[in-house]
Amino acid sequence: MRPTLRRTSTPASALGQVGVPPRDAPGDRSSGTASLSCAALSTFHPGDRRRYRRYVRVPDDAGARAGRGAAQYRAIFAKRAGDDRRLEPAISAPGRLARGPVADGRVESWLVSCRCRRPLRRLPYPAQCTGSRDKPFAGGEAEGWDAPALQAASPAVAPWTVEALTAYLRTGFSAEHGAAAGPMAAVTQELAAVPESDVRAIAVYFASMMPHPPSMAPAQTTIVSDDPTIAGACEGCHGLDAPMTRAGAPSLALSSAVNAPSSRDAIQMILHGLPSREGHAGPYMPGFASVLSDPQMIDVVRYLRTHFSNGSPWTDIESQLRAARRDGGA
Amino acid sequence: MITLAVNGKQYETDAQPDTPLLYVLREDLQLNGAKFGCGLGQCGACTVMLDGKAVFACLIPISLLPGREIKTIEGLGAAAAPGVVQQAFIDEQAAQCGYCIAGMVMRAQALLEHNPSPSEKQIRDEMTPNLCRCGTHMRILRAVRRAAQAMKRVAL
């Protein structure tokens with residue numbers, strides 16, 4: 001018995017390239033995570049902010065114009081510049097950054113120093129998120145999630161372009177990578193209130209450090225499975241021509257979580273989903289923690305890695321699953 | 001054949017193993033309380049309880065379910081003898097069109113079985129996945145609070 005109300009089918013030819021939805025697709029749904037982390041932006045405590053206001057001249061109307069996130073952002077970045085000049089002349093010049101952000105060194109020093117200089121070192125996790133002093137932006141763990149590397153070791157299958165990064169940082173969603181999840185979801189909520197030119201400057205900087213063209217070709221692009229679990233629980237959204245893919249969500253083959261070195265983010269995502277966030281539009285996925293037993297979870301995760309990634313098989317599934325079950329949702 | 005334990009009874013179904021539980025409930029077992037809304041786990045109209053937890057029946061292939069305990073709204077009570085949570089929803093007149101209500105009741109039931117004294121925030125967080133397009137959310141929240149009080153009285 002196969003009920004007919006399940007889904008309608010649209011020929012792949014009508015959808016353009018499979019797995020890469022058209023750019024104008026109304027995308028707000030996702031598969032997989034694509035965490036890109038500068039968690040300092042979201043974990044700037046109100047106390048720190050007040051302290052900063054004493055010696056960093058934040059534009060008086062910054063909060064009114066762009067919300068609290070912008071004020072935090074300006075405070076952090078203006079201070080990183082080593083003086084209290086206004087932020088705009090320093091960072092809102094993508095052309096200048098594009099000419100040589102790494103050689104220029106300023107953006108790097110601002111971001112790296114988020115984790116090691118007073119008083120921002122009290123922030124809970126930017127160091128883990130973005131790497132270590134020796135390996136800046138090499139990725140790390142934050143609140144039970146893996147933050148992927150933001151440099152040459154980036155696991156992204158599709159290259160992170162300036163456009164894609166800017167959109168991702170401002171919306172929490174990328175049609176070629178997936179959705180912001182875990183602590184990164186809050187970061188993107190904050191960045192939504194920051195002027196686009198500033199977010200673009202961050203994007204220019206990080207895009208310049210990540211590989212172009214991609215290091216891997218995508219694996220399989222669609223779910224067509226005989227596995228009843230995959231067919232019944234995943235295909236309805238992630239299958240060929242499923243509503244999610246037509247709404248702009250990337251193929252699982254492009255998902256940063258599925259292609260990551262560790263199974264941690266994929267497991268977090270399947271167990272706990274992408275929760276709705278009160279007052280914020282954004283990607284959503286239901287969690288399966290109450291549905292899938294541990295052996296069923298392991299089967300699903302193995303299936304995803306085998307069928308949707310060219311990466312080597314994950315060897316950490318059992319341990320990551322235990323940890324994610326123990327810690328609950330993010 | 002796959003055996004399902006629904007509301008304390010055993011049912012056998014010859015449906016394909018990847019068939020979502022919702023379709024088997026509605027079409028094979030004639031348990032039509034759970035509704036088809038989106039089929040994507042986004043609206044909550046199909047919410048049932050699986051081993052005491054609220055889940056979306058539209059996203060669960062029946063192959064996962066042998067050995068597990070399913071409860072639908074039919075398992076809570078009937079029109080003549082409503083369960084405690086159902087009665088609270090009636091008393092608060094929480095339904096407008098009513099399409100979402102079976103799912104709302106099941107999610108509230110799961111919440112209150114797990115946490116008999118939820119805070120307002122816990123109620124709102126827990127009920128978040130279930131949508132009501134009529135907009136009776138305030139009545140639904142009142143019904144959940146009333147149900148919590150009523151369940152305590154029953155327990156005393």
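**Exercise 1.** How many bridges join strand 3 of chain B to strand 4 of chain B, and do the strands run parallel or antiparallel?

*Solution.* This is a predicted model, in which local features need pLDDT of at least 70 and side-chain atom pairs count only at pLDDT 80 or more, while totals for chains, interfaces and linings use all residues. Residues are numbered from 1 along each chain as its sequence is written, and side-chain values use heavy atoms, with hydrogens and water left out. Strands are DSSP runs of E with at least two residues, and helices are runs of H or I with at least four; two strands pair if DSSP finds at least two bridges between them. Strand 3 and strand 4 (residues 53–56) of chain B run antiparallel and are joined by four bridges.

**Exercise 2.** Find which residues of helix 1 of chain B are buried, and what covers them.

*Solution.* Buried means under 20% relative accessible area, with a 1.4 Å probe and protein chains only. In helix 1 (residues 21–28), B:Leu21, B:Leu22, B:Tyr23, B:Val24 and B:Leu25 are buried. Their cover includes strands 1, 2, 3 and 5 of chain B.

**Exercise 3.** Identify which residues touch the most other members of the largest nonpolar core.

*Solution.* A nonpolar core is a set of buried Ala, Val, Leu, Ile, Met, Phe, Trp, Tyr and Cys residues joined through side-chain atoms within 4.5 Å. The largest has 59 residues, and B:Leu4 and B:Leu21 touch the most other members. Helix 14 of chain A gives the most to this core, with seven residues.

How values were computed. Chains lettered and ligands numbered in written order. Buried < 20%, exposed > 50% of the residue type's maximum accessible area, 1.4 Å probe, protein only. Contact = heavy atoms within 4.5 Å.
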